[in-house]
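Dear colleague,

Please find below the structure that I am handing over to you, with its sequence. My notes on what was found in it follow directly after.

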Amino acid sequence: MIEKEKEYRAALYCRLSSDDAYLGESGSIKTQRALLTQYCKENNIPVYDVYTDDGFSGTNFERPAFKRMLNDLESHKANLVIVKDLSRFGREYAQMGMYIENDFEDWNIRFISIGENIDTLNGTDEILMPITNVINSQYAKECSRKQNRHTELWRKKESLSAAERRSVT
């Protein structure tokens, strides 16, 4: 369990992958930033920086702003990470658990996910967070599988002759 700090300096993390474009305005970077900033205002939490990875998948953590945030956290420039929901942090459950439950705890970094009402200052929910992370991970895998199938079908259709295409449509 992390120790309560006298003052928090928040790292606000926003992410939107090209696969999440269907989320529209409700999932946009602009909306995430506004929500996180408002949360900090309402809770009197100073914002150290906003880290934005626009167009990056959550299935891995090779994201420039995410890496910059980790460096700032490890060097104690910020001591609190706030995200709109767990899926914005990432969609790979094992690595997410490593960051949130191991690295952040070792560095005494508080983690808040507004959407799931998770705050590691109150301890991590041993059921909710892992299950949510697994669901987010499976969602990403399913989207990838559907996209691959769609691409395969499109390629097959493109390889048909014009006469064959007319008979398919």
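Strand β4 (residues 110–113) is covered on both of its faces: R110 and I112 are buried on one side, and F111 and S113 are buried on the other. Buried here means under 20% relative accessible area, exposed means over 50%, and partly exposed lies in between, with a 1.4 Å probe and protein chains only. In a regular strand, side chains alternate between the two faces of the sheet. Strands are DSSP runs of E with at least two residues, helices are runs of H or I with at least four, and both are numbered from the N terminus.

Please note that this is a predicted model, in which local features need pLDDT of at least 70 and side-chain atom pairs count only at pLDDT 80 or more, while totals for chains, interfaces and linings use all residues. Residues are numbered from 1 along each chain as its sequence is written, and side-chain values use heavy atoms, with hydrogens and water left out.

The sheet around β4

β4 belongs to an open sheet of five strands with mixed pairing, in the order β2-β1-β3-β4-β5. Its edge strands are β2 (47–54) and β5 (118–119), each of which pairs on one side only. Two strands are taken to pair if DSSP finds at least two bridges between them.

On one side, β4 pairs with β3 in the parallel sense over four bridges, and I82 stands opposite I112. With β5, β4 runs antiparallel and is joined by two bridges; S113 has I118 as its bridge partner there. The hairpin of β4 and β5 has four residues between the strands, and N117 takes a positive phi near 55° in it.

Elsewhere in the sheet, β1 (residues 10–16) and β2 run parallel and are joined by seven bridges. C14 is bridged to T52 in β2. C14 is also buried, because its relative accessibility is 0%.

Helix α2 (residues 64–74) lies across β1, β2 and β3 (80–83), at about 155° to β2. The angle is taken between N-to-C directions on a scale from 0 to 180 degrees, using axes fitted as lines to C-alpha atoms, for helices over the stretch in contact; contact means heavy atoms within 4.5 Å.

Salt bridges and cysteines

How many salt bridges does a search of the whole structure find? The search finds six, a salt bridge being a side-chain nitrogen of Lys or Arg within 4 Å of a carboxyl oxygen of Asp or Glu.

One of them joins D49 and R68, whose closest N and O atoms are 2.9 Å apart. Because D49 lies in strand β2 and R68 in helix α2, this pair ties together parts that are 19 residues apart in sequence. Both partners are partly exposed: D49 has a relative accessible area of 27%, and R68 stands at 38%.

The salt bridge of D119 and R110 spans 2.6 Å, N to O, and both D119 and R110 are buried. R88 and D85 meet at 3.9 Å, N to O. R88 is buried at 2% relative accessibility, as is D85 at 13%. Salt bridges with shared partners join K84, D85 and R88 into one network.

Finally, the structure holds zero disulfides, a disulfide being a pair of cysteine sulfur atoms within 2.5 Å. C40 is buried, at 2% relative accessibility.

With kind regards
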